[in-house]
Amino acid sequence: MKSRKLVVLLLAILMTVGALLSGCSNTKTTSNNTSKNTSSNNSSTKQMKTFTLFYDTSTATPYDYTKTPVWKKLSELTGVNLQVSYLVGTDEKSKATLMISGGELPDLIQTSNETFELFREANDLVPLDDLIEKYGTNIKRWYSPQDLNKMRAKDGHIYYLTPARKALYLYPYSGFYLPLEVLRDAGWPKKLTLDQYFNIIEDYVKKHPTYNGQPVIGFTALTDSWKIFTLTGVPSYLAGNANTGDVWVDENNKAHPFAISQWAHDYYKKLNEEWNKGILDKQMFTRNYDSYLSLIASGRVLGFYDQRWDIQNAINSLEQQKLYDRVPFALPVTFDGVTKEDYNSMNMTGNSAGISITKSCKDPVAAFKFLDAMCSDEALKLENWGIEGKDYSVKDGKMYMTPEQLTQYKDSNYTKQEGIGQYWYFPHPNDGEKLADGNFVSPQDTPEYIASSYKPYEQEVLKAYNITNLSQMMAPPIETPYGFVYDISIPDSEQQIKIANQKASDLTRKYVAQMIPAKPDQFESIWKEYVSEMQKAHYDLEVPYIQQQIDWRIQHWGTK
């Protein structure tokens, strides 16, 4: 990446270049006296370009960041205006099909893994390989050759730059949760077996059967829609495996199903025992997601398995109510005899679809230069830190936040209004990376921020476990040569697999709702029926396809 301070001669040469290429949509000329280099735009009279960007993904929340102070600075820096729109009122595939058939595409599009293939197969996306080689100064700095290989489609081309990067976490990615008060009461337990975990819950419920005048619920599970994975995926985690979707992958990189494994039998059997002891939530199979969050936010429930992002709103509610003793913390729980655990899952650049340039764009070179400029040092400071003097300060070259600036940075309403931290879908570095001047790309990676991020009740836990980061409650995240596995999508061309998967999903949902609440002497017969029906439905039909994809990834991605 070029230095922010250019010598006078170089600046004079660059200023003679004149206006840049016209944009993919409307263009206009504006005055710009900045001398900062973004590797794509740098002239005293900058030709502003307007690109349209559509987010065809349900994970993106509609929000027009182009009206914010930070975006205005980014627009000046990159020489680009954006017109953004989002998926509303329909699903990803329906919208993608409509756009493809109608032939009306934006200049830039963010797709999901499934819709990306629809656009690629329709030949609607621009290959980025040559653009990366010629103009990807910043892209090649942040994305390794292996990272880029992960984004190659089966035709050998790269069509997007993934936003799924290595992340640093303040909290464990997932685990079996217990409230602070329960941890304290149990003497700060660490790694637990499944039996030990439920023993702690049973003991606490005996001593404290009610909370705020209502019965305490020992354990619940989220079963609403696709989020039932917080129940059905647990057997593999208890066996020490990472989150790899419907399969687990052994040390030889071979995939295996576990839906009707002994692990699944033993977990559901344990839940059946606890149900009959009165420990489990009697409404766990009828609660929707909002009800589940409300239960956690009430402080009445003690245990559950989940991923942190899925329960964050409930934790926020407990904090707002100042019910700090009832805030849940994640612990690693395994079957007896299991020596490892991977609740922190994996940490690597993934191959989740990112922003692509469509063939409707009239100037794909300029569009790519914009994407590259969005991960220049100057842009990253704006995107992550905000505006110097307003959102952060600098002393002796070090970027930092005053107490007042740190308070406003931690206010999500302020950062949204200001436009800070709203650009995750654009190309960006891994967490923990540093800029050319030695400052962290993100303030969240600084020791000062981490130390300030834990509230007094969380600091009690840190002290009790003698750790500096709550994610250290678990083993460090792993990295594999095949990626996450759960992001391997079954294509529409594999209809038999899709049908089998849907049948298996329906059967699992049906039978776990029968097995867990059953009388103890009925469990085994229901389990045997479940196994028989799953085998008839060819529940494992997807495994050879998944294995094929794992092998392909290992062969084509490389190891570094």
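Rings of Phe, Tyr and Trp (its six-membered ring) are taken as a pair if their centres lie within 6.5 Å; planes under 30 degrees apart count as stacked, over 60 as edge-to-face and the rest as tilted. The model is a predicted one, in which local features need pLDDT of at least 70 and side-chain atom pairs count only at pLDDT 80 or more, whereas totals for chains, interfaces and linings use all residues. Residues are numbered from 1 along each chain as its sequence is written, and side-chain values use heavy atoms, with hydrogens and water left out.

**Aromatic rings**

Ring pairs join Phe176, Tyr197, Phe198, Phe219, Tyr237, Tyr267, Tyr268, Tyr305 and Tyr343 into a cluster. Across the whole structure, a search finds 40 aromatic pairs. In one of these, the rings of Tyr292 and Phe304 have planes at 80 degrees and centres 6.2 Å apart, so the pair is edge-to-face. Tyr292 belongs to helix H13 (residues 289-298) and Phe304 to strand E12 (residues 301-307), so this pair ties together parts that are twelve residues apart in sequence. Helices (H or I, at least four residues) and strands (E, at least two) are DSSP runs, numbered from the N terminus.

A tilted aromatic pair is formed by Tyr305 and Tyr343, with 6.3 Å centre to centre and 45 degrees between the planes. This pair links distant parts of the chain, 38 residues apart: Tyr305 is in strand E12, and Tyr343 is in the loop between strand E14 (333-334) and strand E15 (355-357).

Buried means under 20% relative accessible area, exposed over 50% and partly exposed in between (1.4 Å probe, protein chains only).

| Residue | Relative accessible area | Class |
|---|---|---|
| Tyr292 | 1% | buried |
| Phe304 | 1% | buried |
| Tyr305 | 2% | buried |
| Tyr343 | 2% | buried |

Charged side chains also meet aromatic rings. A charge sits over a ring if NZ of Lys or CZ of Arg is within 6 Å of the ring centre and within 35 degrees of the ring normal. Arg165 lies over the face of Tyr143, at 3.9 Å from the ring centre, and Lys227 lies over the face of Tyr289, at 3.4 Å from the ring centre.

**Helix H12**

Helix H12 covers residues 262-276, a run of 15 residues. From first C-alpha to last, H12 reaches 21 Å, close to the 21 Å expected at 1.5 Å a residue; the expected span is 1.5 Å times one less than the number of residues. Among the buried residues of H12 are Tyr267, Tyr268, Leu271 and Trp275. Gly278, with a positive phi near 85 degrees, follows H12.

Helix H9 (residues 194-207) packs with H12 at an angle of about 15 degrees, their axes 12 Å apart. That angle makes H9 roughly parallel to H12, a term for angles under 35 degrees.

**Backbone angles**

Most residues other than glycine have a negative phi. Ser225, in the loop between strand E9 (217-219) and helix H10 (229-232), has a positive phi near 55 degrees. Ser225 is partly exposed, at a relative accessible area of 44%. Ser345, in the loop between E14 and E15, has a positive phi of about 60 degrees. Ser345 is buried, with a relative accessible area of 3%.

Notes:
Axes are lines fitted to C-alpha atoms, for helices over the stretch in contact, and angles run from 0 to 180 degrees between N-to-C directions. Angles under 35 degrees count as roughly parallel, over 145 as roughly antiparallel, 65 to 115 as roughly perpendicular and the rest as oblique.
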